Every structure is written in C-alpha cells, then in structure tokens.
Amino acid sequence: MSQGDVNPAAVPHAAEDVQGDDRWLSQHQRFVLDCKDKEPDVLFVGDSMVQLLQQYEIWRELFSPLHALNFGIGGDTTRHVLWRLQNGELQNIRPKVVVLWIGTNNHENTAEEVVGGIEAIIKLINTLQPQAKTIVMGLLPRGEKPNRLREKNTRVNALLRSGLPHLSRVQLLDVDRGFVQPEGSISRHDMFDFLHLTAAGYAKVCKPLHELIMQLVEETPEEKQVTLA
C-alpha cells in the first residue's frame, strides 16, 4: 500500500444487515446501554473469539469478578469495531484495561492492512480512554491443516510484534503457541471447528491473559475525585 492510499481496514463501517433482522445494530445498541449503567474495570472488544468466551465457565471464574464487559460480535472486522467504538461503546465508562481481539475475519485485507486497522483502533482507544491500557490479542492459527489464512494471521502477529512498541499504553499478548501440532494440524479438542475455541482452548488463552490483566490493573492507580471550587 503506497503512501497516501487509504487503508480499507481502517475505515469505520457498520456491518451490513444481510440477513434482515438487524441483529448487529441491536447488539451494538445493547452495548451502548451497558456503558450507561455498568462500571467495568476491564472491557473486551472484538469478534466471535471474544463473544463466545462469555459462554464458558472460565469467563465467570476469571473475568466476571473484574466487572468485565464483553463487546464481542461474531463476524466483525477491524472496520466494524472502529465504527462501534466511535459510536458510543467507549462512552460513560472508564475501564483500566481494554482487551482487543480482532482481525481474523478481515479476509479481504492484506496482513499489513489488518495491522493498520488494529493500530487505528488502538489510537482511538488511547484518545477516548486515555487512562486505559490496551492488550492486543495475537491472532490464532486457523484451519485443520496449513492454509493461506493461517499464514496471513502469522504475518499479522509478526507485524504487530514489530509495530506495537511504537504506540503508547498497549502491548501484544501472543497466544498462538501450542495450538499447531508438530505435523501442522490443529486439534478439534482445542478448536471444535478449527477456528473457534473449546473450553480447553480458551483455558490455554485465558490463563496468561488473566495474569497480564491483573498486572495492568494493579499498576493503574485508582482515580481521585477532584472537587471544583
């Protein structure tokens, strides 16, 4: 992508209602309402990898005690998350940590474009939630056997490792190790459809994630109330 070109993965865009039931917008509106009456220490944002997490016991065990909110929508891309965050999902809350897991659905984008979209989201979070620290989850391998999408996700992670240190208040959590077997396959015991995680798969991801979240939460001082004369 030459200098001056617009990165399509970094252009906010609402998801199209291709099925006709307006579910995507309804979920977004519910998230905006959650922001008005809940006070999360941790906010999860992303696609189905985030959305499905709350269906497992490990969510209730590790993240519910942190008053975590789950703003995951299946099928979302970086464009959709950008639009959602620009349109109310970061208002009225002040989380200490934002967990961002997005990019595996950006099928039409190059790895470089995906990373540009993720960086645009990080910059938006830094602008709207300057007190928060962001954890970017590395993309997981996908497909039972080696394939081009798995290769692209690996490339995205490599670019994130080199690029994120240049941004403030963000760090990458690589969680892709241990999913690909020595012969190159992925086990259905970790990913039931070779994309979405099982309970065992989430355990591999969530334990190091929880440790990092707790470290960042403890590093973030409590806000002091300032009384104006």
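Modeller: Let us begin with handedness: a crossing is left-handed if the near helix is turned anticlockwise from the far one by less than a right angle, and right-handed if clockwise. Helices (H or I, at least four residues) and strands (E, at least two) are DSSP runs, numbered from the N terminus. In this structure, H1 passes H4 in a right-handed crossing. Please note that this is a predicted model, in which local features need pLDDT of at least 70 and side-chain atom pairs count only at pLDDT 80 or more, while totals for chains, interfaces and linings use all residues. Residues are numbered from 1 along each chain as its sequence is written, and side-chain values use heavy atoms, with hydrogens and water left out.

Colleague: At what angle do the axes of H1 and H4 cross?

Modeller: Two packed helices are described by the angle between their axes and the distance between the axes. Axes are lines fitted to C-alpha atoms, for helices over the stretch in contact, and angles run from 0 to 180 degrees between N-to-C directions. Helix H1 (residues 23-37) and helix H4 (residues 78-86) have axes that come within 10 Å and cross at roughly 40 degrees. Angles under 35 degrees count as roughly parallel, over 145 as roughly antiparallel, 65 to 115 as roughly perpendicular and the rest as oblique. H1 and H4 are therefore oblique to each other.

Colleague: Which residues make the contact between H1 and H4?

Modeller: Contact means heavy atoms within 4.5 Å. H1 contributes Trp-24, Leu-25, His-28 and Phe-31, and H4 contributes His-80, Trp-83 and Arg-84. For classes, Ala, Val, Leu, Ile, Met, Phe, Trp, Tyr, Cys and Pro count as nonpolar, Asp, Glu, Lys and Arg as charged, and the others, Gly among them, as polar. The contact of H1 with H4 holds 4 nonpolar, 2 polar and 1 charged residues.

Colleague: How do H4 and H5 cross?

Modeller: The axes of H4 and helix H5 (residues 111-128) come within 9 Å, crossing at roughly 15 degrees. H4 is therefore roughly parallel to H5. The crossing in which H4 passes H5 is left-handed. Residues of H4 in this contact include Val-81, Leu-82 and Leu-85, and among those of H5 are Ile-118, Ile-121 and Leu-124. By class, the contact of H4 with H5 has 10 nonpolar, 3 polar and no charged residues.

Colleague: Is Arg-150 buried or exposed?

Modeller: Buried means under 20% relative accessible area, exposed over 50%, partly exposed in between (1.4 Å probe, protein chains only). Arg-150, in helix H6 (residues 148-163), has 8% relative accessibility and therefore counts as buried. Setting aside neighbours within four places in sequence, Arg-150 has contacts that include Glu-144, Val-180 and Ile-186.

Colleague: How many disulfides does the structure hold?

Modeller: A disulfide is a pair of cysteine sulfur atoms within 2.5 Å. The structure holds 0 disulfides. Cys-35 is buried, at 1% relative accessible area, and Cys-206 is buried, at 1%.
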